[in-house]
Amino acid sequence: MHPDDPSQQNQTETCVCGLTTDRASAERRSGRHRAAPPRRGPLRSTPARVALAAGVTCCLGLLGFVGAEDTGQRHEPVREVLADRAAAEQPASRDFTRTAPPVAVPVTPIPVATPSPTPTKKKAPKKKPAKPKRPRPVAGLDQLQMDNAKVIVDVGRAMQMPRRALVVAIATAMQESNLYNLASDVLPESYDYPHQGSGSDHDSVGLFQQRPSSGWGTVADLMRPAYAARAFFTALNEVPGWVDLSVTQAAQAVQVSAFPDAYAQHEERATTVVAALV
């Protein structure tokens with residue numbers, strides 16, 4: 001068979017992938033021995049399509065084989081990295097172990113208690129200070145006299161005077177003013193202060209009829225029963241040995257009265273009054 005024989009030319013075809021294809025066998029497979037239909041174009045004939053399909057199939061097979069080898073070679077570094085990580089106990093960046101998603105536990109809402117309005121406290125009415133009990137009158141005294149006697153006794157006890165001094169003071173006030181707080185007709189000023197009657201024995205005022213002109217104090221001071229009682233007890237303390245004196249002698253030593261024995265008549269009643277108040 002001559003190489004220049006046209007009948008022998010193009011018996012074999014080389015594929016774009018580098019493989020040689022026998023044209024005769026391709027023609028036998030495609031029925032080339034039959035009468036060829038009129039040519040309609042390079043890719044519209046059946047043999048051309050078969051040849052092209054065979055070439056594509058061959059190329060794809062070759063690429064798959066080469067790719068498989070390349071993939072194996074390319075995966076070797078990845079396997080080595082994974083082995084190194086496993087040896088160093090370093091987990092891979094992605095873990096294909098799937099854990100179950102957390103179970104959602106239903107949360108029961110806690111009811112919020114609405115604060116109840118604070119009840120307004122009513123202010124208790126202020127209690128008026130209780131008035132001190134007035135002593136019950138004894139020994140024939142009225143309430144005013146008994147009140148004045150209590151003032152005298154309270155002042156003497158505050159000054160820590162003995163009980164006998166209290167009797168002397170009550171007996172003296174009984175004799176001088178009958179236990180009333182008296183103003184003086186001689187001193188009109190004395191009427192400017194609370195009083196329970198009046199007298200006219202010079203400028204004597206108050207329960208003990210003490211005279212401002214004798215240095216006992218001002219009219220305003222002597223018209224206060226508490227001040228008058230304090231002045232009397234102070235003067236009694238200045239009498240030497242007054243404790244050993246009789247009631248009338250002790251009273252006279254303080255008052256220097258024109259009737260020195262008049263105080264003795266009130267000693268018994270004064271003792272009863274002091275006993276009721278102490």
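The structure is a predicted model, in which local features need pLDDT of at least 70 and side-chain atom pairs count only at pLDDT 80 or more, while totals for chains, interfaces and linings use all residues. Residues are numbered from 1 along each chain as its sequence is written, and side-chain values use heavy atoms, with hydrogens and water left out.

**Overall fold**

The chain contains eight helices and four strands, where helices (H or I, at least four residues) and strands (E, at least two) are DSSP runs that are numbered from the N terminus. Read from the N terminus, the order of these elements is β-β-α-α-α-α-β-β-α-α-α-α. The chain has 278 residues, and 26% of them count as buried; here buried means under 20% relative accessible area, exposed means over 50%, and partly exposed is what lies in between, with a 1.4 Å probe and protein chains only. The accessible surface of the chain is about 20000 Å², and carbon and sulfur atoms make up 57% of that surface; such areas come from the Shrake-Rupley method with a 1.4 Å probe, and for residues only the protein chains shown count as cover.

**The nonpolar cores**

In soluble globular proteins, nonpolar side chains tend to be buried together. A nonpolar core is a set of buried Ala, Val, Leu, Ile, Met, Phe, Trp, Tyr and Cys residues joined through side-chain atoms within 4.5 Å. The largest such core has 37 residues, and those that touch the most other members are Ile-152, Ile-170, Phe-208, Phe-232, Phe-233, Leu-236 and Val-273. Two or more residues of this core come from each of helix H3 (143–158), helix H4 (163–177), H6, helix H7 (247–255) and helix H8 (267–277), and H4 gives the largest share, nine residues. Leaving aside residues up to four places away in sequence, Ile-170 touches Ala-149, Ile-152, Val-153, Ala-270, Val-273 and Val-274. There is also a second, separate core of five residues, which includes Val-205, Val-219, Leu-222 and Met-223.

**Aromatic rings**

Two aromatic pairs are present in the structure. Rings of Phe, Tyr and Trp (its six-membered ring) pair if their centres lie within 6.5 Å, and planes under 30 degrees apart count as stacked, over 60 as edge-to-face and the rest as tilted.

| Pair | Centre to centre | Angle between planes | Type |
|---|---|---|---|
| Phe-208 and Phe-232 | 4.8 Å | 10 degrees | stacked |
| Phe-232 and Phe-233 | 6.1 Å | 70 degrees | edge-to-face |

Phe-208 is in the loop between strand E4 (198–199) and helix H5 (219–222), whereas Phe-232 is in helix H6 (residues 225–237), so their pair ties together parts that are 24 residues apart in sequence. Phe-208 and Phe-232 are both buried, and Phe-232 and Phe-233 are likewise both buried. Through these ring pairs, Phe-208, Phe-232 and Phe-233 are linked into a cluster.

**Two helices that meet**

Two packed helices are described by the angle between their axes and the distance between the axes. The axes of H6 and H7 come within 9 Å and cross at roughly 105 degrees; axes are lines fitted to C-alpha atoms, for helices over the stretch in contact, and angles run from 0 to 180 degrees between N-to-C directions. H6 and H7 are therefore roughly perpendicular to each other, since angles of 65 to 115 degrees count as roughly perpendicular, those under 35 as roughly parallel, those over 145 as roughly antiparallel and the rest as oblique. At this meeting, Phe-232, Ala-235 and Leu-236 of H6 touch Ala-250, Val-254 and Gln-255 of H7.

**Single residues**

Most residues other than glycine have a negative phi, and most peptide bonds are trans. Asn-178, although not a glycine, has a positive phi of about 60 degrees; Asn-178 sits in the loop between H4 and strand E3 (183–184) and is partly exposed at 38% relative accessibility. Val-256, also not a glycine, has a positive phi of about 55 degrees; Val-256 belongs to the loop between H7 and H8 and counts as exposed at 64% relative accessibility.

Asp-192, in the loop between E3 and E4, is exposed with a relative accessible area of 61%. The C-alpha atoms of Asp-192 and Ala-220 are 8.6 Å apart, although these residues are 28 residues apart in sequence.

Methods: Contact means heavy atoms within 4.5 Å.
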